[in-house]
Amino acid sequence: MEPSLQTLSELIKAAREEKGYTSQKELALALDPPTNRSAIAHLEQARRLPPERTLRSICEHLSIPSAAWRPLLEPEVAERVKFESALSELVGKTVSLRQHDHHSSKVAHKWVLNLFGTGNTKEQLYDAFCSVLIFYGVNKPSKAFFQHYLPPTAFRTIAMFEKHIERYQVEAIRLFASFEEAYLTTSQADEKELVKIRKPLLPRPDDQYRERTEWNEIEEIPEKKLPDLGYISASRIKKEQAERRSLSQFLEQLAEKIEVNGRLAVDEYPEKRRRKIGSLLRKFKSLLAHDLLSPLFAADPDEIRREAKRLAPKEVGDLRRMEETQATGQRNLSCYLSADHLDVYVATSMRSDADFVSVNAFARSLFSHESIKPLKLRYFNPTQSWIEDRVAKGLVEALMLRRADFTIYMAQKSDTFGKDSEASVALG
């Protein structure tokens, strides 16, 4: 059997799991020297070989038989494997010679290498390429497809072949839900059909945008107030208010009981309750010298009352400000939903105060750019809207996402299922 990246990928994955590495990252870090997870992922997906040193390290660490990987390091075999990886990217599914006998594989191997650097005409290259595809069970493309996406320059080297396929993918992913669907459709198109398929990619007049009226319906929420719209930050403040209120009330009651029963009043409370109060005292940096569970706790009632007042919720203005900011956000949401157009949807996962600030800065910078601003685009800026119910939030954003012509998907440190759903809807 001819050496195959697909066969090796299956061996790698099976060996990793057998040796107890539950994740690709775990294996990557166990190597000497360590590598990145993507090297393992691409290998297990039969997408591409890592550098020779990394491949050797992976295979030796997992005790993969040398016959399965050493031949792939030979220059000519490595070139063919690169071709197969690139061809897999073109057609949207893994291809290899693993199902052929030794003699058929040798012929295919030779014909693949003869595709490159020969100086053949585009007609000769087309015929040779179609012959090679037979070995991989891939339908031959139309001449229109071949000449548009794989001109003679694509066959100077394997690297040039990969670059031309990357350029094809840039178009394909904008037109189809998958690379497999893209190849099945575009590869069979004649010249007229291909022009029709690619028409959405062509520049369009922007007069319809420039002639619109200005849309200034959104009430700008200042940067310092943006965290008020975060579910996490809002709930944090409300929770803190409740905790401070509970702690202050407990200390007031404790001071009264100590005046009557002295130190014994502390022991009347269950240990679990005292432990909870101790946790809150530490959280809010109490000035009391000792914890309620400590035998050294001997604060007098006046000191406890002073601490109760100091720790009591004082930031009533925070909640009032949050309510005002959220009311502005809800009015903005109504404006987004009823806008005459919705051109761009910005998909994000805002999990921290810094996320709110950075997303807003990005949106303002992008849509105020000198080449974008004259288009008078209507865009959904998630940092400027708010709705209390999470389910309702998801529904209204789904409506806007469906309505928008364009989606900006922002990668962040911490993403959510909701944002992944937005991406799949946009691509679909």
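**Figure 1. Buried residues of helix H10 in the predicted model.** Ile158, Phe161, His164, Ile165, Tyr168, Gln169, Glu171 and Ala172 of H10 are buried (under 20% relative accessible area, with exposed meaning over 50% and partly exposed in between, for a 1.4 Å probe and protein chains only). Helices (H or I, at least four residues) and strands (E, at least two) are DSSP runs numbered from the N terminus. H10 covers residues 158-175, 18 residues in total, and reaches 26 Å from its first C-alpha to its last, close to the 26 Å expected at 1.5 Å a residue; the expected span is 1.5 Å times one less than the number of residues. The buried residues of H10 pack against H6 (75-91), H8 (122-135), H9 (143-149), H11 (179-186) and H12 (191-198). This is a predicted model, in which local features need pLDDT of at least 70 and side-chain atom pairs count only at pLDDT 80 or more, while totals for chains, interfaces and linings use all residues. Residues are numbered from 1 along each chain as its sequence is written, and side-chain values use heavy atoms, with hydrogens and water left out.

**Figure 2. The largest nonpolar core.** A nonpolar core is a set of buried Ala, Val, Leu, Ile, Met, Phe, Trp, Tyr and Cys residues joined through side-chain atoms within 4.5 Å. The largest one has 37 residues, of which Phe83, Leu90, Phe129, Tyr136 and Phe155 touch the most other members. At least two residues of this core come from each of H6, H7 (102-114), H8, H9, H10 and H11. H8 gives the most, with seven residues. Phenylalanine 155 is in contact (heavy atoms within 4.5 Å) with Leu115, Phe116, Gly117, Leu125, Phe129, Phe146, Leu150 and Phe161, leaving aside its neighbours within four places in sequence. Another core, of 21 residues, lies apart from the largest one and has Ala15, Ala46, Cys59 and Leu62 among its members.

**Figure 3. The crossing of H6 and H8.** The axes of H6 and H8 come within 13 Å and cross at roughly 90°; axes are lines fitted to C-alpha atoms, for helices over the stretch in contact, and angles run from 0 to 180 degrees between N-to-C directions. H6 and H8 are therefore roughly perpendicular to each other, a term for angles of 65 to 115 degrees. Phe83, Leu87 and Leu90 of H6 meet Phe129, Val132 and Leu133 of H8. The residues of this contact divide into six nonpolar, no polar and no charged.

Figure 4. Serine 57 lies in H4 (residues 52-61) and is buried, with a relative accessible area of 16%. Not counting residues up to four places away in sequence, serine 57 touches Leu31 and Asp32. From aspartate 32 to proline 33 the peptide bond is cis, with omega near 0°. Proline 33 lies in the loop between H2 (24-30) and H3 (37-44).

**Figure 5. Loop residues with positive phi.** Most residues other than glycine have a negative phi. Serine 63, in the loop between H4 and H5 (66-69), has a positive phi of about 60° although it is not a glycine. Serine 63 is exposed, with a relative accessible area of 54%. Lysine 376, in the loop between H19 (353-367) and E2, has a positive phi near 55°.

**Figure 6. Glutamate 388.** Glutamate 388 lies in the loop between strand E2 (379-380) and H20 (390-403). Glutamate 388 is exposed, with a relative accessible area of 57%. Glutamate 388 and lysine 238 are 150 residues apart in sequence and 14 Å apart in space, C-alpha to C-alpha.

Notes. Angles under 35 degrees count as roughly parallel, over 145 as roughly antiparallel, 65 to 115 as roughly perpendicular and the rest as oblique. Ala, Val, Leu, Ile, Met, Phe, Trp, Tyr, Cys and Pro count as nonpolar, Asp, Glu, Lys and Arg as charged, and the others, Gly among them, as polar.
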